[in-house]
Amino acid sequence: MGNLYDVIILGGGPAGLTAGIYLSRAKIKTLIVNEGIIGGQMSLTHEIANYPGIESLSGYMLSVNMQKQAESFGCKIISNVKITKYNLKNDIKSITVNEKEEYKSKAVIIASGGKSRELGVLGEKEFAGRGVSYCATCDGDFFQDKEIIVVGGGNSALEEAVALTQYASKVTVVHEFGYFQAYKHAIEQATNHPKIDFILNSTVSAFYGSQSLEKVTVKNLKTGEEKDINIDGVFIFIGYIPKTEPFAEILSLNEGGEIIIDKNMMTDISGVFAAGDCITKRFRQITTAVADGTVAALNAIEFIQK
Ligand SMILES: Cc1cc2nc3c(=O)[nH]c(=O)nc-3n(C[C@H](O)[C@H](O)[C@H](O)COP(=O)(O)OP(=O)(O)OC[C@H]3O[C@@H](n4cnc5c(N)ncnc54)[C@H](O)[C@@H]3O)c2cc1C
């Protein structure tokens, strides 16, 4: 029964690794199966300056430290694999990895995270973390007294545009329509702000630079006219995609694809918990993922001990 665990955690980002630390330290036999690189989105972050107790550290190093800490308590971690089958409904749950290895457990914690929606245009990937950002809370501070662009016209884009004015000298909101899809209050706050300008019916169609972002092309979607703008940073807020497709047929998700959980972080399947960026929530940070992972792990311990 080498492949039978008490808890299997699906995802090795901060939520999954934290759950792994708590469970293994409580002598619960735990396996983390991670489809990507260890640390998830955290590992892609150039500099983390808002994790309490750590002034500044690369996301990669924080990921390695969390992995080591989990493993030091006996947590087994399998990374960079593909889960090809899920069987979560029965009392004993099982998953199949790479179509051959089957792992079983009494409880499962889904910590599959997600990703920000991208524009999908030239240079966007190349300058991600070097001028292109998807998180104002994470990166706003790097743009003190600089001019930046915010792409988007929903609540997040307008609220974050206002928040970014505390750092940036000027914020230009580029939005694809001539109107905003946001609450009245958010629209009023942004449109009345002296530091915020708007370019409507337009999008950013290319990013250019050398070491870091220097220039973008802004395209008018009505006339097709393009113009280049010198800029230090671009924040993109055009939606968020939780990585929950494999669970769409199995669990209750909201209309945004986020997993619905109860106060114990349990989904609508007994013994299946969820934590981190994949669940229904507003603020997606390492600290909130770590907190979710803790709560899910403590509830999973109670569940299997019953
Ligand atoms: C560029 C960038 C910069 C950021 N900067 C900061 C910052 O400075 N400070 C901060 O607090 N937050 C920051 N964030 C946000 C933070 O990284 C996330 O909120 C956090 O990583 C979410 O943790 P998570 O464990 O829920 O998910 P993730 O970090 O997304 O990890 C989930 C992991 O699960 C894997 N996975 C997906 N599906 C499955 C599956 N079915 N089975 C198994 N594994 C699966 C994924 O490949 C991934 O490895 C940043 C995010 C980005 C993208």
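How many residues of domain 1 are in contact with how many residues of domain 2? In this predicted model, the domain assignment of the protein gives domain 1, made up of 4–115 + 240–305, and domain 2, which covers 118–236. The contact between them involves 5 residues of domain 1 and 4 residues of domain 2. On the side of domain 1 that touches domain 2, the residues divide by class into 1 nonpolar and 4 polar, with no charged residues. The centres of domain 1 and domain 2, taken over C-alpha atoms, are separated by 32 Å.

The ligand is surrounded by 36 residues, of which Gly 13, Gly 36, Gly 40, Gly 113 and Gly 276 are the closest. Two or more residues of this shell are given by each of the elements α1 (14–25) and α6 (286–305). Sorted by class, the shell around the ligand holds 15 nonpolar, 17 polar and 4 charged residues.

Attention may now turn to the sheets. The buried residues of α4 are Ser 156, Ala 157, Leu 158, Glu 160, Ala 161 and Leu 164. These buried residues pack against the strands β9, β10, β11 and β15, and also against the helices α3 (136–139) and α5 (184–191).

A further open sheet is formed by 3 strands in the order β12-β13-β14, with antiparallel pairing. Here β12 (202–209) and β14 (226–230) stand at the edges with a single partner strand each, so one side of each has no neighbour in the sheet. On average, and with direction ignored, neighbouring strands of this sheet are turned by 25 degrees against each other. Strand β12 and strand β13 (residues 213–220) run antiparallel and are joined by 7 bridges, and the bridge partner of Tyr 208 in β13 is Lys 215. In general terms, the strands of a sheet pair through backbone hydrogen bonds, either parallel or antiparallel.

Tyr 103 is found in strand β6 (residues 101–110), and it counts as partly exposed because it has 19 C-beta neighbours inside 10 Å, whereas a buried residue would need 20 or more. When its neighbours within four places in sequence are left aside, Tyr 103 is in contact with Asn 3, Tyr 5, Ile 8, Leu 31, Val 33, Ser 94, Ile 95 and Val 97. One of these contacts, Leu 31, is 72 residues away from Tyr 103 in sequence, and the two are 8.8 Å apart in space, C-alpha to C-alpha.

Terms used. Residues numbered from 1 in each chain as written. Predicted model: local features only at pLDDT ≥ 70, side-chain atom pairs only at ≥ 80, totals over all residues. Near = placed C-beta within 6 Å. Helix = DSSP H or I, 4+ residues; strand = E, 2+ residues; numbered from the N terminus. Nonpolar A, V, L, I, M, F, W, Y, C, P; charged D, E, K, R; others polar. Buried ≥ 20, exposed ≤ 12 C-beta atoms within 10 Å, placed from the backbone. Contact = placed C-beta atoms within 7 Å. Domains from an automatic or database assignment. Pairing = 2+ DSSP bridges. Axes fitted to C-alpha atoms, helices over the stretch in contact; angles between N-to-C directions.
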